Amino acid sequence: MAAPRDWLGTVEAEGIAGRQGSSGVEVVFPSDPATPAPLCPHGPTLLFVKVNQGKEEARRFYACSACRDRKECNFFQWEDEKLSGARLAAREAHNRKCQPPLSRTQCVERYLKFIELPLSQRKFCQRCQRLLLPNDWEKHQEHRVVGDISIAQLKRPSQLLYPLENKKTNAQYLFADRSCQFLVDLLSTLGFTRVLCVGTPRLHELIRLKSSGEKKSNIKSLLLDIDFRYSQFYMEDSFCHYNMFNHHFFDGKAALEVCRTFLQEDKGEGVIMVTDPPFGGLVEPLAVTFKKLIAMWKEGQSQAVTKNYPCSGFSLIFLNPESVSFFQASACWITRFCASCQRYVSLENQHCEHCNSCTSKDGRKWNHCFLCKKCVKPSWIHCSICSHCALPDHSCGGPRDGCFICGQLDHKRSTCPKIATSKKVNKAVRKQKQRKSNKMKMGTTKGNP
């Protein structure tokens with residue numbers, strides 16, 4: 001799939017402007033940043049601005065690019081704030097303390113020693129999420145340790161490691177093997193020989209398994225992922241510790257050159273990027289990052305070459321209007337280009353002449369309802385009682401528009417004058433249920449020996 005030539009073209013030049021009527025926090029990309037962004041443990045920070053009713057507030061600030069949870073990374077600095085030398089030194093010390101305990105070179109050295117051990121001495125600490133060498137055993141005696149780690153298990157690290165499920169940081173939900181198998185077969189059929197896996201560790205695993213199996217595949221891959229735990233399972237040329245929200249390689253120029261070499265191999269022919277960003281991640285910084293990867297790929301081509309970089313995204317399937325200005329492409333990578341919408345959409349997402357849009361948000365063909373004056377999911381039907389489309393077995397007569405607390409149509413729940421009373425009632429009900437639950441548990445405990 002070739003992406004539209006200008007799908008990221010306006011991101012860096014125009015920045016993120018406050019949209020009329022919107023409120024919240026938005027990312028700002030200065031067209032000509034005077035100074036580099038300050039660093040947090042996850043690399044260069046991003047510049048944010050608070051927006052109230054479409055208007056930017058005067059003071060902007062830097063915060064972590066990867067973490068939306070202050071418990072994970074509490075970095076905060078006003079854009080115009082001047083820090084003392086002592087504070088800068090303390091910040092640098094904190095950043096160093098938050099880095100992985102082992103360098104990339106040390107991880108590779110340990111891995112090579114680990115695979116030379118007999119099966120009975122290959123151990124993995126589930127508490128520390130770390131491969132153990134014999135001189136580590138004593139320190140992990142009180143931990144839960146799994147033994148007899150086979151070479152086959154080492155080739156599937158995502159099954160050894162616990163998923164990082166913090167929805168505001170990693171949101172590490174992995175592809176199923178069936179999905180990965182489908183992708184590998186399809187990529188092979190389409191003639192791709194290299195896959196840049198950005199945040200898709202399980203796909204990376206399966207590609208490597210295929211290339212080393214009996215029926216060897218000619219596809220190879222490079223994994224870029226923020227989860228440093230994968231460093232202990234791969235050599236330098238197959239994994240880079242990477243933050244996709246600020247294009248930061250944690251291991252510096254050496255890792256950057258690994259990625260550059262991979263993209264520019266065979267003059268850039270036969271390579272595709274497959275990415276699965278954390279759900280709810282910032283779309284705008286991703287667009288900037290992908291543009292930088294595309295620029296890196298193009299460096300290895302002659303100026304006469306005008307082809308576009310094949311790119312696949314899987315977590316961006318629910319594109320809202322704000323995201324379309326940054327990604328003029330559908331998330332599902334098996335796509336067609338809609339000339340009317342000027343973007344890529346899934347094959348079954350047909351253009352609706354009445355809505356003047358390719359309306360599907362889940363890849364299926366949606367049907368236009370002339371009574372609702374919009375397209376709806378194929379499983380929905382129009383309900384004459386509710387006066388809108390819904391599932392056939394839905395409950396009729398429920399609240400439709402307006403406030404869910406008082407039922408009035410002139411406001412929403414968040415601005416309801418009775419919201420305070422509603423919260424008190426709900427809190428009292430929850431406490432009552434909790435007391436009943438505690439009494440039942442106490443009764444059960446007393447009845448047991």
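**Close-up views of a predicted model**

View 1. Glu109 has its place in helix H3 (residues 104-116), helices being DSSP runs of H or I with at least four residues and strands runs of E with at least two, numbered from the N terminus. This is a predicted model, in which local features need pLDDT of at least 70, side-chain atom pairs count only at pLDDT 80 or more, and totals for chains, interfaces and linings use all residues. Residues are numbered from 1 along each chain as its sequence is written, and side-chain values use heavy atoms, with hydrogens and water left out. With a relative accessible area of 45%, Glu109 is partly exposed, where buried means under 20%, exposed over 50% and partly exposed in between (1.4 Å probe, protein chains only). Glu109 forms a negative surface patch together with Glu236, Asp237 and Asp251; patches are made of residues with over 30% relative accessible area and no salt bridge, like charges being joined within 9 Å and nonpolar side chains (Val, Leu, Ile, Met, Phe, Trp, Tyr) within 5 Å, and a salt bridge is a side-chain nitrogen of Lys or Arg within 4 Å of a carboxyl oxygen of Asp or Glu.

View 2. Ile219, in the loop between helix H7 (201-212) and strand E11 (220-225), counts as buried at 2% relative accessibility. Beyond its neighbours within four places in sequence, Ile219 is in contact (heavy atoms within 4.5 Å) with residues including Val184, Leu187, Phe192 and Ile207.

**View 3. Lys373 and its positive phi.** Lys373, a residue other than glycine, has a positive phi near 60°. Lys373 lies in the loop between strand E20 (367-369) and strand E21 (374-376) and is exposed, with a relative accessible area of 70%.

Methods. Accessible areas come from the Shrake-Rupley method with a 1.4 Å probe; for residues, only the protein chains shown count as cover. Lys and Arg count as positive and Asp and Glu as negative; His and the chain ends are not counted. The place of a charge is taken as NZ of Lys, CZ of Arg, CG of Asp or CD of Glu.
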